[in-house]
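Below is a short briefing on one protein structure.

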Amino acid sequence: MAMDRQMLKVDALVRHYRLPRSSLLRPRETVYALNGVSFAIERGRSFGIVGESGCGKSTLARLVMALETPTEGRIELLGQPLDGLDAAALQDLRRHFQMVFQDPYGSLNPRHTVGRIVAEPLDALAGGLSAAERRERAVEVLQTVGLRRGDAGKYPHEFSGGQRQRIAIARALITQPALIVADEPVSALDVSVQAQILNLLRDLQERHNVTYMLISHDLGVVDYVCDEVAVMYLGRIVEQAPTAALFRQPAHPYTQALLDAVPQVGTGRRRRRVKLQGGVTTQTRLPTGCAFAARCPRVEARCHREAPALRTVGPGHVAACHFA
């Protein structure tokens, strides 16, 4: 991948949290949220990140958005390392990357009009515009996401869940960002409304060449929107591949189990499913071997001793499994 085509590059990203001491007799524990995550996203592409709750997806989103600082590792956006920027330079860069949050109800200020909510990023990131210019740009971007000019004067409670998420997308688009990080953008919506929002995201990408980092636990959403997918488990990427290849031939047992859990209608035959043992292990201890060994149906003695590295199993397809 040529450097000038890279929108986002994440290299060996680590994020650990020190917990408060629960008692004087016990040492402080550490939560190992991310443990060496690396990937890159090309301009104009959609990159999906999937996994169970607690795998580190949202922590990764906060680090990419520079809302937190990594314990180790490096993040580059448009070729600029985020950790080397001072406050002024980081604020100037922020107009190039925006975020859409999961909850369309909690992410909008109920006391402000929609026009003010959508225009708010311009106040901080695009100085020099008059109040009239900011209002007009807010109206334009609302119309881009399928709302009307008159909606700018309304309040969030006057809209449905899908319309509120359109407002959130409009707020993310108003600075004309190159990258949008979407953290579970449709999980709080009804299925029919989910389809509308996903179609809107694809349409906006075609029109504005925006790059997406889409975080979801819903494989159907990722399959519909994303060009490439990374599967995370306990703070690590265990498999990464072009979307079609991942869904056609998953290489890691965890990915196979996730795909087997997706309901299928009209297959005409009984499916043989991969069944996982136990639950997700604690994040306060780093395993000596494979993090998935305790639940893997293919586990062998080697898995408990030796942590598998990501290795190539196909064109653009890597998996962290000794037997992939």
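Where is the place of A66? A66 sits in the loop between α1 (57-64) and β4 (72-77); helices (H or I, at least four residues) and strands (E, at least two) are DSSP runs numbered from the N terminus. The model is predicted, with local features needing pLDDT of at least 70 and side-chain atom pairs counted only at pLDDT 80 or more, while totals for chains, interfaces and linings use all residues. Residues are numbered from 1 along each chain as its sequence is written, and side-chain values use heavy atoms, leaving out hydrogens and water.

**Positive phi**
- A66 is not a glycine, yet has a positive phi of about 60°.
- L78, also not a glycine, has a positive phi of about 55° and lies in the loop between β4 and β5 (80-81).
- At a relative accessible area of 26%, L78 is partly exposed (buried means under 20%, exposed over 50%, partly exposed in between; 1.4 Å probe, protein chains only).

**Helix α9**
- Helix α9 (residues 253-260) is largely enclosed by the rest of the structure, because eight of its eight residues are buried.
- These buried residues are P253, Y254, T255, Q256, A257, L258, L259 and D260.
- Their cover includes α7 (219-225), β9 (228-233), β10 (236-242) and α8 (243-248).

**Cysteines**
- Zero disulfides are found in a search of the whole structure, a disulfide being a pair of cysteine sulfur atoms within 2.5 Å.
- For C55, the closest cysteine sulfur is in C226 at 14 Å, too far for a bond; C55 counts as buried at 3% relative accessibility.
- For C321, the closest cysteine sulfur is in C296 at 6.0 Å, again too far for a bond; C321 counts as buried at 10% relative accessibility.

**Largest pocket**
- The largest pocket has a volume of about 330 Å³.
- Its lining comprises 14 residues, of which M65, Q98, M99, F101 and P121 lie nearest the centre (a pocket is an open set of points on a 1 Å grid over the protein atoms alone, where a 1.4 Å probe fits, with protein on both sides within 12 Å along at least five of seven lines; lining residues have an atom within 4 Å of a point).
- Two or more lining residues come from each of β6 (97-100), α3 (114-125) and α5 (161-173).
- With four residues, α3 gives the most to this lining.

Technical notes: Contact = heavy atoms within 4.5 Å. Points joined across faces, edges and corners; volume = space filled by probe spheres on them.
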